[in-house]
Amino acid sequence: MPDGAHTQGTAHQAASVRPGTKEDVAAMARIHASAFDDRSAWSAASILHLLETPGVYVLIAEENGEPTGFALMRAAANEAEVLTIAVDPAHRRQGSARALVIAGLTAALAVECDTVFLEVATDNDAARRLYQSLGFAEAGRRAAYYARGDSPSVDALILRWMAESP
Ligand SMILES: CC(C)(COP(=O)(O)OP(=O)(O)OC[C@H]1O[C@@H](n2cnc3c(N)ncnc32)[C@H](O)[C@@H]1OP(=O)(O)O)[C@@H](O)C(=O)NCCC(=O)NCCS
């Protein structure tokens, strides 16, 4: 586990995580659609386009050989970013997202990215608890960043994880 990626009360066995490839794009689009609403879901074409972008990599969580979640990341210079993370609702609270983020941080460190950023909606309690448990801390805020239909938009928190100095 990377320095600083501490866990709190992990009750589940770590999910199986592997690096993803373009072969996983259809499964990623299916999982993304199951995790986000129609307006926010990413198509297979847009995911494939991202995967063809320099520095972008993906981690896949799977169960019995079937993808159940993924984290899409981008590394550039000495920083990385979590572009999106999603776990199929039928496979949540089993440690998949935690295992995906830890694998993503490990991969970032392997290419000398010691700082990792992401954006999370202020009303996304599950994701905020996940990131907090892994050592991410608030680094900024974008006001009214995520639309919520007829309800008021919510802010995005910019979270940052930094590897501990040796
Ligand atoms: C957020 C998400 C990726 C979590 O996936 P997951 O595999 O269920 O998460 P994990 O089982 O690894 O949970 C790790 C920790 O996160 C927190 N957490 C996860 N889901 C939670 C929930 N519904 N309520 C409260 N805390 C939660 C807990 O601290 C949990 O640790 P614990 O189970 O030991 O208490 C998943 O809910 C999801 O796909 N949501 C929709 C997409 C999304 O919001 N992505 C993030 C955008 S920034």
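Biologist: What phi does asparagine 64 take in the hairpin of β2 and β3, and how many residues lie between the strands?

Modeller: Asparagine 64 takes a positive phi near 50° in this hairpin, which has 2 residues between the strands. The model is a predicted one, in which local features need pLDDT of at least 70 and side-chain atom pairs count only at pLDDT 80 or more, while totals for chains, interfaces and linings use all residues. Residues are numbered from 1 along each chain as its sequence is written. Strands (E, at least two residues) and helices (H or I, at least four) are DSSP runs, numbered from the N terminus.

Biologist: Why is asparagine 64 called exposed?

Modeller: A residue is exposed if 12 or fewer other C-beta atoms, placed from the backbone, lie within 10 Å of its own, buried if 20 or more do, and partly exposed in between. Asparagine 64 has 6 other C-beta atoms within 10 Å, so the residue is called exposed. Asparagine 64 lies in the loop between β2 and β3.

Biologist: What makes alanine 144 exposed, and where is alanine 144 found?

Modeller: Alanine 144 has 11 other C-beta atoms within 10 Å and is therefore exposed. This alanine is found in strand β6, and its phi is near 45°, a positive value in a residue other than glycine.

Biologist: How do you know that β1 and β2 pair?

Modeller: Two strands pair if DSSP finds at least two bridges between them. Strand β1 (residues 16–19) and strand β2 (residues 56–63) are joined by 4 bridges, so they pair, and they run antiparallel. Valine 17 stands opposite alanine 61 in β2. Over 8 bridges, β2 also pairs with strand β3 (residues 66–76) in the antiparallel sense. In β3, alanine 71 is the bridge partner of leucine 59, and methionine 73 that of tyrosine 57.

Biologist: What is the order of the strands in the sheet, and which strands stand at the edges?

Modeller: The open sheet of 7 strands has the order β1-β2-β3-β4-β5-β7-β6, with mixed pairing. β1 and β6 (137–148) stand at the edges; each has a single partner strand, so one side of each lacks a neighbour in the sheet. From one strand to the next, the twist averages 25°; axes are lines fitted to C-alpha atoms, for helices over the stretch in contact, and angles run from 0 to 180 degrees between N-to-C directions.

Biologist: Which helix packs on the sheet, and what does this helix touch?

Modeller: Helix α3 (residues 96–110) packs on the sheet, where it touches β1, β2, β3, β4 (79–87), β5 (115–121) and β7 (151–162). Its direction makes about 30° with that of β3. Contact between two residues requires C-beta atoms, placed from the backbone, within 7 Å. Valine 17, not counting residues up to four places away in sequence, touches Leu59, Ile60, Ala61, Ala99, Leu100 and Ala103.

Biologist: What makes a set of residues a nonpolar core?

Modeller: Its members are buried Ala, Val, Leu, Ile, Met, Phe, Trp, Tyr and Cys residues joined through C-beta atoms within 7 Å. The largest such core here has 39 residues, and Val17, Leu59 and Phe70 are among those with the most contacts inside it. α3 gives the most to this core, with 8 residues.

Biologist: How many residues surround the ligand, and which are the closest?

Modeller: There are 24 residues around the ligand, the closest being Arg92, Ala97, Arg98, Ala126 and Leu130; a residue is near a molecule if its C-beta atom, placed from the backbone, lies within 6 Å of it. β4, α3 and α4 (125–133) each give two or more residues to this shell, and α4 gives the most, with 6 residues.
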